[in-house]
Each structure stands twice: as C-alpha cells, then as structure tokens.
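In these entries I record what I looked up in one structure, working from the whole chain to a single residue.

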Amino acid sequence: MICVKVLVVGANGQIGKHVVSLLQDSDNFDAKAMIRKQEQVSYFEELGAETALVDLEGEIEEIAKAAEGVDAVVFTAGSGGHTGKDKTVMIDLDGAVKTVEAAKQAGVKRFVMISSFDTRRKAIQEANESFAPYVAAKHYADEWLKDADLDYTIIHPGFLTNDEGNKKVTFGMDVEAGKVPREDIARTIVASLENDSTVGKEFQVVGGNTPINEAIKSV
C-alpha cells in the first residue's frame, strides 16, 4: 500500500524534519506537517508541504481535524531530554494517546510510532530514576497503539545522533544498544510506510551493515 498523504506529528523535531523532506522528495508521498508555531510554517512551505497548526497538548478533535483526508499518521513528537516529568506525561504519553484516538476519529488506519529503544516492563524497572518516567510513558503509549485496532508499526531507535545517515541498519527486538543517525530513522519510517510487511510489527533499529530497504523486508 502506498500512502499518498502522511500527517507528521512532531514535524518540527529533528526526525520530523527529515521525514517531511524525504516524503516530499518521494514520488509516492505528500507530507502534512503538524506544527505548533506560526513561525515554523515557512520552513515546511519551502519544502512544498502542507501544514496544520495544532498544539499536541490541546484537544483530540484538533488533531483529528489535522488528520482528515490523510492516509497515514507518523508520530515523531517527544518532550526532549531537557523537560520535566510533566512534559513527558503530556507529550510522550498523553500526546501519543490523543493522536492515536484522533487517527481513529478521522478514519486513518495506518500509524507509525517512534518510541524509545526498549519499552518493555523490564526496561522500566532497570531504568535509572530520571529516565524511568520516560520509558514508562513510551511503554503505555505503545500498548495503547497496539490495542487501538490500527495498522501500526512501532520503531524503537537506538541512541540518536545527527551524523549523516548511510542507509544501513540493524533491525531486531533484542539487538545490542547502539547509535543510529536520525536521518536513517526517518528513512526507516518511509520504508515502513512503503512495506505492508511492517504492519502489526515493532522493532529496534541501530546502525549496521544491512541496507534499510533490505532490512525492512525481514521484519
């Protein structure tokens, strides 16, 4: 299935910008960038992308309106490492859950979630005091998506870097923790949208030696 129009939630983030750019460069996709501030609009308009001004901390109906007429939703939003537990709850948990519910309201079945590297219960228990709330938020957001009757894919990236991507990765659910360029995570998102084999799947992604388009077929 080729998803013609994709709503990118968290489009102004570092991964989000890569995703929008890749979608706009593709012959198969058009991006709709969901952003929070008016001053962010011009960046995406220069890429030829449609924009929707929506605060992720607002109402589900606002997100659902942004999702009207799209074929897929990509959730790349995150509170970031410099915010408190309150923003972790409001963005990484509540924001993700509201976006899932908004997709359902808008009749959008395809949903790609960017999660944390390991969100299993054991990972919460083993995380340090400052990181555990983030892992817990991602865990419950992932579980909500799995129970939402959507065609989901959950991507668990390793330690994110701003290095130039080389289009090569390692996929799995018990891979050794490692670094991965944000650009290659964005490529993995687009490849997931292009391959129905990723529906109902989740996988960890770190840098590796396998081309993304080849690795995605083994998921």
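What percentage of the 219 residues of the protein chain count as buried? I looked this up and found 51%. I note that the model is a predicted one.

Entry on overall form. I counted the secondary structure and found 8 helices and 11 strands in the protein chain. I then looked up the extent of the C-alpha trace, which spans about 40 × 40 × 35 Å along its principal axes.

Entry on contacts. I took the contacts between residues at least 6 apart in sequence and found that 69% of them join residues at least 24 apart.

Entry on surface and charge. The accessible surface of the protein chain comes to about 10,400 Å². Carbon and sulfur atoms account for 46% of that surface. I also looked up the charged side chains: 24 are positive and 36 are negative. The centres of these two sets lie 2 Å apart.

Entry on Thr188. I located Thr188 in helix H7, which covers residues 182-194. Is Thr188 buried or exposed? Its relative accessible area is 0%, and buried means under 20%, so Thr188 is buried. I then listed its contacts, leaving aside neighbours within four places in sequence. Thr188 is in contact with Ile155, Phe171, Phe203, Val205, Ile212 and Ile216.

Conventions: Residues numbered from 1 in each chain as written. Predicted model: local features only at pLDDT ≥ 70, side-chain atom pairs only at ≥ 80, totals over all residues. Heavy atoms only, no water. Helix = DSSP H or I, 4+ residues; strand = E, 2+ residues; numbered from the N terminus. Buried < 20%, exposed > 50% of the residue type's maximum accessible area, 1.4 Å probe, protein only. Contact = heavy atoms within 4.5 Å. Areas by Shrake-Rupley, 256 points an atom, 1.4 Å probe, with all protein chains shown as cover. Lys, Arg positive; Asp, Glu negative; His and termini not counted. Charge placed at Lys NZ, Arg CZ, Asp CG, Glu CD.
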